[in-house]
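Here are my notes on the model, point by point. Please read them with the structure open.

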Amino acid sequence: MALYDIKELLSNNTYPGRGIVIGTSADGKKAMIAYFIMGRSENSRNRIFESFEGGMRTKAFDESKLSDPSLIIYNPYLELAGCDIITNGDQTNTIYDHMLEGKSFEEALFTREFEPDAPNYTPRISGIAYYDTENKTFEYELSILKSANGDPSVCNRFFYNYEKRNGIGHFIHTYKCDGDPIPSFYGEPEEVSLPDSAKELADIVWANLNEDNKVSLFVRTVDLTTGEAENIIINKNK
């Protein structure tokens with residue numbers, strides 16, 4: 001598989017939609033997570049990220065302009081003991097609840113399917129990072145739930161498992177590119193090179209997202225020895 005520069009993937013794509021990156025810093029010391037949202041409509045663009053204890057939510061920037069919260073207001077990130085969950089929808093809570101019951105990431109997502117937003121049928125993308133600071137291990141999974149080439153009667157579910165590799169991450173996004181209807185992401189998650197720090201990753205991603213369509217960015221790093229975390233949120237709306 002080709003190793004991509006995330007800067008080029010983003011700068012050459014006006015509308016990847018929502019995207020998840022998970023991997024390991026170049027120095028091998030930290031797990032890295034990034035999640036961004038974009039928007040073409042006023043409703044989608046009228047959002048910010050807001051952190052809370054143990055997680056992060058989307059929120060309307062101007063409540064008076066919020067027309068339909070159903071697919072745009074959710075918790076993209078929730079923390080569990082030993083793992084972080086990151087998704088593009090309310091399946092974050094589905095995964096969280098299933099894992100509290102001792103079930104798996106896969107079991108949770110087999111209860112869900114793509115978003116009911118015809119004609120796009122936006123895929124649900126999800127990721128989970130598992131940490132063991134005692135043994136200094138880190139692994140992660142990514143998933144995409146998507147219609148069968150636009151056929152809403154079928155949900156195809158794909159799961160990808162990865163082990164720690166210094167400086168390497170994997171990038172999955174909802175859409176392949178802009179369009180009408182918007183074509184879903186296809187193929188395996190893209191293998192990308194990662195920098196050393198949360199700030200570097202945040203700067204790279206935010207600078208290269210399309211200026212008109214980008215909305216918010218969340219970046220999180222976790223030290224694989226100490227468990228110390230750093231979170232960065234950037235909102236276009238201020």
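**Pockets, cavity and sheet**

1. The lining of the largest pocket is made up of six nonpolar, eight polar and six charged residues. This is a predicted model. The pocket holds about 420 Å³ of space. Its lining counts 20 residues, and Ser41, Ser44, Asp117, Asn120 and Tyr175 lie nearest the centre.

2. The second largest pocket holds about 210 Å³. Here 14 residues form the lining, with Lys146, Ser147, Asn149, Gly150 and Ser184 nearest the centre. Strand E9 (137-148) and strand E10 (151-163) are the elements that give two or more residues to this lining. By class, the lining has seven nonpolar, six polar and one charged.

3. How many cavities of 30 Å³ or more does the whole structure have? The search finds one. About 40 Å³ of space lies in this largest cavity. Its lining consists of Ser70, Leu71, Ile72, Ile73, Tyr74, Gly89, Asp90, Glu115 and Arg124. Four of these residues are nonpolar, two polar and three charged.

4. Now the sheet. Seven strands form it, in the order E1-E12-E11-E2-E3-E13-E14. The sheet is open and the pairing mixed. Strand E1 (3-4) and strand E14 (229-235) are the edges, each pairing on one side only.

5. Look at the E14 end. Strand E13 (residues 214-223) pairs with E14 in the antiparallel sense, over seven bridges. Leucine 217 stands opposite isoleucine 234 of E14.

6. Which strands does helix H5 (residues 198-208) lie across? They are strand E3 (30-38), E13 and E14. Helix H5 runs at about 160° to E13.

Technical notes. Residues are numbered from 1 along each chain as its sequence is written. This is a predicted model: local features need pLDDT of at least 70, side-chain atom pairs count only at pLDDT 80 or more; totals for chains, interfaces and linings use all residues. Side-chain values use heavy atoms; hydrogens and water are left out. Two strands pair if DSSP finds at least two bridges between them. Helices (H or I, at least four residues) and strands (E, at least two) are DSSP runs, numbered from the N terminus. Contact means heavy atoms within 4.5 Å. Axes are lines fitted to C-alpha atoms, for helices over the stretch in contact, and angles run from 0 to 180 degrees between N-to-C directions. On a 1 Å grid over the protein atoms alone, a cavity is a set of points where a 1.4 Å probe fits but cannot get out, and a pocket is an open set with protein on both sides within 12 Å along at least five of seven lines; lining residues have an atom within 4 Å of a point. Grid points are joined across faces, edges and corners, and a volume is the space filled by probe spheres set on the points. Ala, Val, Leu, Ile, Met, Phe, Trp, Tyr, Cys and Pro count as nonpolar, Asp, Glu, Lys and Arg as charged, and the others, Gly among them, as polar.
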